[in-house]
Amino acid sequence: MKLLLTTLSLSLALSAPLLAQTEVTPYQPGVTLEGVTYFLPQTALRITVEAERTQTQPGRLAKYAFRYLRLNDVDVPLEAKTRWTLKNIRVEAYGVPDKAKGYSVKLKNRTVAPLVSLSREGILLSVNAEQAEEQLSATPRRVEGQQPLDASRYLGQEVLAAGSTAKMAELVAQEIYDLRDKRKDLIAGEAENTPKDGAQLQLMLQQLDQQAEALEQLFKGSRQTDTEFFTFNYLPSQTGQRDVLFRFSAVNGPVDAANLLGSPVYVQLTNLEQLPDQTPDAETAKKKAKQEEGVWYNVPARCNVRLFTLDNNYVDTDIAFGQFGHVELLSNVLFDKKATTRVTLHQSNGGVKKIEN
């Protein structure tokens, strides 16, 4: 969710209080002649899924692997296949405007017009304070695993000119055994060109190993494991039940919740707070009726969030949600000329982060 911070500076001519007029900066969304319209947020979740994709390719000489290298069928794939593994899930909370919680900061002659910060979507971020807009972290990029070695670099003219696949397999196998013998001789110090320098010896061993591995891949095939990242957005409307967030397939990786080819990955929210009854008694209602208008904010409810499968629990954390709490008012008295209060709010849930006089 890409957001843009919009700061609205509204000034009041204080030199003649009884005749003062509110001056509004050039029109921007959320600004009216009477004040600033804003929304409180609902709390949504962005879920980032980390998964590994392993691609297996059979070797060109796979059917000769046992004859020449004594490699078992278990170690030698005969057909290409892809396998996905779910490694990790990460959760971030962010705010989306709650259209049922739209309000206005009304500007009056005898109050100091506030500096109001809104997100591009109209979520209230602060009053009389500079509040930088929060950004969701960037989605990690795909991490490519080690690619298979190119065996063609090590194939000599005799191998390339072989009249059949069987003959090619025989020649390549012989080359692999020769490389193994050279490695043993170098380690034992019996090779004619054994270097005296340890670093040079290590380099030669690495080159032999790389060449042997490339040729062996012609028989045993290759595997490449890449790390992929996927994101899902989830806006909960109730707690106490589990929903299928997405499904995961060992063949296709993360798939849509409706795709029955995968096993379900569940999300479940449990409200951890027993909020008191918000229906006011007669005395409280009378006091609120006399209250001046001001700035409304969320009192969010803390919920436990779990993401899990039938076999594993990936996320178990507590997050504050604006939509499961209730709304309270900061009176205009806090923003008059005698007490210009600075208020900053949590962008993800609309709760008060800080109040300063």
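A salt bridge here is a side-chain nitrogen of Lys or Arg within 4 Å of a carboxyl oxygen of Asp or Glu. Going by that rule, this predicted model contains 14 salt bridges.

One of them pairs Glu92 with Arg46, with the closest N and O atoms 2.9 Å apart. The two come from distant parts of the chain: Glu92 sits in strand β5 (residues 81-106) and Arg46 in strand β4 (residues 35-57), 46 residues apart. Both partners are tucked away, Glu92 being buried at 16% relative accessibility and Arg46 buried at 9%.

Another pair brings Glu228 and Arg142 together at 2.8 Å, N to O. Glu228 belongs to strand β8 and Arg142 to the loop between β7 and α2, so this bridge ties together parts 86 residues apart in sequence. Glu228 is buried, at 12% relative accessibility, whereas Arg142 is partly exposed at 41%. These two also join Arg53, Glu144 and Asp226 in a network of salt bridges.

Then there is helix α4 (residues 198-220), which runs for 23 residues and spans 32 Å from first C-alpha to last, close to the expected 33 Å. After the helix comes Gly221, with a positive phi near 80°. Buried residues of α4, among them Met204, Leu208 and Phe219, pack against α1, α3 and β8.

As for confidence, the mean pLDDT of the chain is 83, and 81% of its residues reach 70 or more. Residues 1-29 are another story, with pLDDT staying under 50.

Note on methods. Residues are numbered from 1 along each chain as its sequence is written. Side-chain values use heavy atoms; hydrogens and water are left out. pLDDT is the predictor's confidence in each residue, from 0 to 100. Contact means heavy atoms within 4.5 Å. Helices (H or I, at least four residues) and strands (E, at least two) are DSSP runs, numbered from the N terminus. The expected span of a helix is 1.5 Å times one less than its number of residues. Buried means under 20% relative accessible area, exposed over 50%, partly exposed in between (1.4 Å probe, protein chains only).
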